[in-house]
Amino acid sequence: MSKLNERSHADLIESLSKLEYAIRQSMTVREDQDEPANSEHKDEAERYGIEVDSAVTKGDLLNAVQTLVRSMQRRDSH
């Protein structure tokens, strides 16, 4: 992987981690996981290639973002 690609890959992981944190912050109690995801979080997730439907919950969106972050981190460690 070139230095540019490594940097952009690291930037993507950092951005997705920030999105993950923002989604977590929007869930003050466990029951919030079943609420509809915030539109700005859905829009940002879509910019990173995560397809979401209009009824996605905060919990489902968080799971999708976490899965992508973890898979990218695993790919980096190999």
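Visitor: Which residues does Ile-23 touch, not counting those up to four places away in sequence?
Guide: This is a predicted model, to begin with. In it, Ile-23 touches His-41, Lys-58, Leu-61, Leu-62 and Val-65.

Visitor: What is the largest nonpolar core made of?
Guide: That core has 15 residues. Ile-23, Ile-50, Leu-61 and Val-65 are those with the most contacts inside it. Two or more residues come from each of helix 1 (3–25) and helix 3 (58–77).

Visitor: Which helix gives the most to this core?
Guide: Helix 3 does, with five residues. As a general point, nonpolar side chains in soluble globular proteins tend to be buried together.

Visitor: Back up a bit. How many helices and strands are there in the protein chain?
Guide: Three helices and zero strands. From the N terminus on, the order is α-α-α.

Visitor: And how much of the chain is buried?
Guide: Of the 78 residues, 33% are buried. The chain exposes about 5,300 Å², and carbon and sulfur atoms supply 48% of that area.

Visitor: What about helix 2, which residues are buried there?
Guide: Helix 2 covers residues 39–47, and His-41, Lys-42, Glu-44 and Ala-45 are buried in it. Their arc around the axis is only 165°, so they sit on the same side of helix 2.

Visitor: What follows helix 2?
Guide: Gly-49 does, and its phi is positive, near 90°.

Visitor: New topic. How many salt bridges does a search of the whole structure find?
Guide: Four. One of them joins the side chains of Lys-58 and Glu-35, at 3.1 Å from N to O.

Visitor: Where do Lys-58 and Glu-35 lie?
Guide: Lys-58 is in helix 3, while Glu-35 is in the loop between helix 1 and helix 2, so the pair ties together parts 23 residues apart in sequence.

Visitor: Is Lys-58 buried or exposed?
Guide: Lys-58 counts as buried because its relative accessibility is 6%, and the cut-off for buried is under 20%.

Visitor: Which salt bridge does Lys-18 form?
Guide: The side chain of Lys-18 meets that of Glu-14, at 3.4 Å from N to O. Both residues lie in helix 1, four residues apart, which is about one turn of the helix. Lys-18 is exposed, with a relative accessible area of 55%, and Glu-14 is partly exposed at 39%.

Visitor: And what does Glu-20 pair with?
Guide: Glu-20 forms a salt bridge with Arg-24, where the closest N and O atoms are 3.7 Å apart. These two also lie in helix 1, four residues apart. Glu-20 counts as buried at 8% relative accessibility, whereas Arg-24 counts as partly exposed at 41%.

Visitor: Leaving aside its neighbours within four places in sequence, what is Gln-66 in contact with?
Guide: Gln-66 is in contact with Glu-20 and Arg-24, the salt-bridge pair. Gln-66 itself is in helix 3, and it is buried, with a relative accessible area of 15%.

Visitor: One last thing. Among contacts between residues at least 6 apart in sequence, how many join residues at least 24 apart?
Guide: In the protein chain, 57% of those contacts do.

Definitions and conventions. Residues numbered from 1 in each chain as written. Predicted model: local features only at pLDDT ≥ 70, side-chain atom pairs only at ≥ 80, totals over all residues. Heavy atoms only, no water. Core = buried A, V, L, I, M, F, W, Y, C linked by side-chain atoms within 4.5 Å. Buried < 20%, exposed > 50% of the residue type's maximum accessible area, 1.4 Å probe, protein only. Contact = heavy atoms within 4.5 Å. Arc of directions from axis to C-beta. Areas by Shrake-Rupley, 256 points an atom, 1.4 Å probe, with all protein chains shown as cover.
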